[in-house]
Amino acid sequence: MSALQDSVTRAPAVAAVPKGNIALGYLTSTMVVILLFAVPLFAKNFVIFQMTIWLIYAIAILALNILTGGSGQFSLGQSAFYALGAYTSAILMEHFGVNYVLTLPVAGALCFAFGFLFGLPALRLSGIYLALATFALATAMPQILKLGVFEHWTGGVQGLVVTKPDAPFGLPISQDVWLYYFTLVISIVIYVFAVNLLKSRTGRAMMAIRDNEIAASAMGVNVSLYKTLAFGISAGTTGVAGGLGAIAVQFVAPDGYTIQLAIALFLGMVVGGVGWLPGSLVGSAFIVFVPNLAEEVSKGLSGAVFGAILIVVIFLVPHGSRQVAYKIQDIVRKIRK
Amino acid sequence: MQQTDVARAKAPLLAVRDVSVVFGGIVALNGVSFDMHRGQILGLIGPNGAGKTTLFNCLSRLYQPSKGDILMEGDSILARPAHRIAEIGIGRTFQNVALFPNLSVLDNVRVGTHSRTRSNFITDSIRPPWVGRAEAATTKRVDDILGYLDLREVAHVPVAGLPFGTQKRVELARALAAEPKILLLDEPAGGLNHEEVYGLGDLIRKIRDDRGITVLLVEHHMGLVMSIADHVVALNFGRKLAEGTPAQVQSDPDVIKAYLGSKDA
């Protein structure tokens with residue numbers, strides 16, 4: 001445990017998580033899943049809707065975590081991939097009448113391809129410079145979506161309205177509850193895939209690159225391939241989240257996907273703990289619920305209150321929720337002894 | 001320099017042919033040639049700046065020679081990118097240890113098997129039974145190597161927290177996991193104490209004897225090189241100074257001059 005503590009307190013550029021600790025144990029995971037399935041039985045529709053949004057952002061943060069925590073690359077451009085996924089789903093549903101479920105794999109595949117291609121030139125950049133290049137992508141995306149050439153498909157500045165799907169098989173539940181369960185199942189599948197991935201040969205290759213590129217290459221890891229692959233996987237996953245977001249919010253418009261979204265996702269990742277996948281849920285909760293909380297404290301100064309909360313969190317737990325989780329794990333172990 | 005056909009019947013495993021490397025006008029290596037034969041421990045020695053590490057980096061494809069060729073089992077390696085060197089059986093360790101600090105010992109060594117295994121990210125994510133079985137087989141092989149190098153006890157510890165000597169053993173284990181034919185060791189004795197150095201010497205010989213791995217040892221520590229090498233190549237200022245058995249090289253006047261200096265220097 002002491003070595004683990006060391007790596008927590010030393011704070012390298014990308015504070016990586018030892019691989020055995022990227023996920024929760026079976027018992028904790030099962031408890032979290034049961035809890036998530038039980039919530040709609042007690043909650044009101046609006047709360048359920050908010051929880052759907054929470055899960056969707058958690059997927060997007062998980063995607064960023066694969067990129068940054070897994071392969072050590074930064075991105076401030078996740079909003080662009082999110083937008084691309086959202087528009088793909090919206091356009092397929094509204095212009096082509098494709099079933100909403102089927103739009104998600106298309107959004108994922110398209111964003112994977114886009115992310116992979118974007119990853120190619122990004123190979124020449126690293127660290128903060130890569131973050132800036134992706135930043136450019138995030139700034140460009142809303143304007144590209146407004147372009148007259150695409151207006152027929154994207155609806156230009158107005159955006160597109162998306163029809164909210166009903167619960168299938170005549171299930172006696174509201175649209176919001178159905179969408180929540182639908183999102184929950186997809187989230188669980190993506191989470192399991194992500195954990196599998198990071199614990200696999202591919203994941204090890206990515207983490208090897210994160211830790212030492214030259215050594216990874218000497219072991220036969222194709223550094224360029226795995227770096228772009230990480231970009232593709234991250235973008236594809238973000239695209240699925242974007243598609244889900246479009247379906248849940250029933251609306252896509254360019255100004256919903258500005259750089260602010262990308263920064264929020266980055267923030268969520270840091271608060272959740274870089275490289276610690278369950279932290280994505282915590283980070284997402286932070287960016288979805290804390291702004292509301294700040295608004296309740298002071299309507300006029302909600303931004304300042306949010307900022308103050310953020311600073312406090314970063315000072316107290318610089319490694320995010322993962323640091324808290326490890327602490328709890330430590331205490332539990334000591335009690336058991 | 002060319003040997004007769006009879007002598008060449010047993011072709012060298014690795015042949016360095018007239019290799020030169022120039023960095024912006026500075027000649028780091030100047031027409032260096034030597035052969036490595038199967039099962040040999042070849043010591044590459046020379047004072048600081050002699051070109052040992054440069055040659056080493058040519059072998060692992062980090063540098064591109066401006067002249068000459070390097071042949072592995074008769075085929076040039078110079079067209080291969082650095083990540084396709086492991087698959088033809090050239091493994092290496094690094095001068096100041098280049099491990100993956102956040103990964104456990106087990107995972108570091110598992111990365112070593114990368115060139116000997118296949119997978120894709122889709123099945124790695126879905127993890128069907130056959131991927132699980134392949135992973136289990138990899139882990140078993142890695143566990144054998146960990147046992148061989150006495151690393152089982154620290155298998156799940158992140159390497160960043162381990163003592164330097166142990167980290168060096170992990171690096172060796174990682175290189176062995178790639179099932180190399182040739183192992184390139186870049187100053188393995190650096191940073192080790194007296195006893196550790198001789199332990200290392202025994203270990204290198206044991207690896208060669210048990211696994212039939214040819215070893216290229218780049219080393220400052222003369223005692224180590226002279227005690228375990230079968231053949232020694234001495235470099236100075238980018239040129240080959242002498243070559244032969246440890247005893248021959250040790251008594252070579254040029255080598256003595258390079259190490260101790262001469263009256264006219």
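Modeller: The contact draws 33 residues from chain A and 34 residues from chain B, where two residues are in contact if their C-beta atoms, placed from the backbone, lie within 7 Å. This is a predicted model, so local features need pLDDT of at least 70 and side-chain atom pairs count only at pLDDT 80 or more, while totals for chains, interfaces and linings use all residues. Residues are numbered from 1 along each chain as its sequence is written, and chains are lettered from A and ligands numbered from 1 in the order in which they are written.

Biologist: Switching to α4 of chain B, how far does it reach from its first C-alpha to its last?

Modeller: α4(B), residues 129-148, reaches 29 Å with its 20 residues, close to the 28 Å expected at 1.5 Å a residue (1.5 Å times one less than the number of residues).

Biologist: And which of its residues are buried?

Modeller: B:Thr138, B:Val142, B:Ile145 and B:Leu146 are buried in α4(B). Buried means 20 or more other C-beta atoms within 10 Å of a residue's own, exposed 12 or fewer, with C-beta atoms placed from the backbone.

Biologist: What do those buried residues pack against?

Modeller: They pack against α2 (105-112) and α5 (164-177) of chain B.

Biologist: What's on the other side of α4(B)?

Modeller: Exposed residues, including B:Trp130, B:Arg133 and B:Lys140.

Biologist: And what follows α4(B)?

Modeller: B:Asp150, with a positive phi near 60 degrees.

Key
Helix = DSSP H or I, 4+ residues; strand = E, 2+ residues; numbered from the N terminus.
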